Amino acid sequence: MPQISVDYSPSLDGSFDRRALGLAINRLAVETIAAKPEGCKTIFRRNEPEVVVGESERPEVQVFVQFAIFPGRSPEAKTALTEGVLALLAEHVAPASGERLHLAVDVRDMDREVYRNTAIEG
């Protein structure tokens with residue numbers, strides 16, 4: 001655990017190394033919330049709709065990272081995780097000329113009693 005989702009705007013496709021960012025996010029989770037390395041699962045999802053912010057006419061792009069973790073981490077650990085992920089995003093992702101990049105991170109507690117997972121070898 002954790003389950004990590006990274007949603008990103010289509011225009012960012014190909015502009016950053018998803019594997020490198022995923023590995024960096026996983027390492028950060030190990031360091032900040034004591035996640036087990038083999039439990040960190042990061043999925044990248046390209047969002048097809050464009051991002052519209054307020055009444056802005058300029059192109060807007062977004063990367064939104066969401067962590068689903070088991071309860072028990074302190075607010076300080078969660079804050080360190082969100083701030084660390086924002087810093088990693090700023091290092092790894094850059095908007096195209098004329099675009100404004102929005103970065104966001106959310107951490108949510110999962111219900112440990114009902115969550116299940118498994119792996120199947122092929």
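This is a predicted model: local features need pLDDT of at least 70, side-chain atom pairs count only at pLDDT 80 or more; totals for chains, interfaces and linings use all residues.
Local features need pLDDT of at least 70, side-chain atom pairs count only at pLDDT 80 or more, and totals for chains, interfaces and linings use all residues. Residues are numbered from 1 along each chain as its sequence is written, and side-chain values use heavy atoms, with hydrogens and water left out.

**Overall build**

- The protein has two helices and four strands. Helices (H or I, at least four residues) and strands (E, at least two) are DSSP runs, numbered from the N terminus.
- The order from the N terminus is β-α-β-β-α-β.
- Along the principal axes, the C-alpha atoms fill a box of roughly 45 × 40 × 25 Å.
- Of the 122 residues, 36% count as buried. Buried means under 20% relative accessible area, exposed over 50%, and partly exposed in between (1.4 Å probe, protein chains only).
- Among contacts with a separation of 6 or more, 82% join residues 24 or more positions apart. A contact means heavy atoms within 4.5 Å.

**Helix H1**

- At the start of H1, a side-chain oxygen of Asp17 comes within 3.1 Å of the backbone nitrogen of Arg19.
- After H1 comes Ala34, with a positive phi near 55 degrees.
- The buried residues of H1 are Leu21, Gly22, Ala24, Ile25, Asn26, Leu28, Ala29 and Ile33.
- An α-helix has 3.6 residues a turn, so residues three or four places apart point the same way.
- The cover over the buried residues of H1 includes strands E1 (3-8), E2 (41-46) and E3 (60-69), together with helix H2 (75-92).

**H1 against H2**

- The two helices pack at an angle of about 160 degrees, with axes 10 Å apart. Axes are lines fitted to C-alpha atoms, for helices over the stretch in contact, and angles run from 0 to 180 degrees between N-to-C directions.
- H1 and H2 are therefore roughly antiparallel. That label applies to angles over 145 degrees; under 35 is roughly parallel, 65 to 115 roughly perpendicular, and the rest oblique.
- From H1, the contact uses Ala20, Leu21, Ala24, Ile25, Leu28, Ala29, Thr32 and Ile33.
- From H2, the contact uses Ala77, Ala80, Leu81, Gly84, Val85, Leu88, Leu89 and His92.

- Val30 is partly exposed, at 29% relative accessible area.
- Leaving aside neighbours within four places in sequence, Val30 is in contact with Ala35, Lys36, Pro37 and Cys40.
- Val30 and Arg19 are eleven residues apart along the chain, and their C-alpha atoms are separated by 17 Å.
- Asn26 also sits in H1. Asn26 counts as buried, at 16% relative accessibility.
- Not counting residues up to four places away in sequence, Asn26 touches Ile4, Cys40 and Thr42.
- Ser9 is in the loop between E1 and H1. Ser9 is buried, with a relative accessible area of 4%.
- With residues up to four places away in sequence not counted, Ser9 touches Asn47, Val51, Val61 and Gln62.

Note on methods. A polar contact is a pair of N or O atoms within 3.5 Å; within protein, one must be able to donate a hydrogen and the other to accept it, and residues adjacent in sequence count only if both atoms are side-chain atoms.
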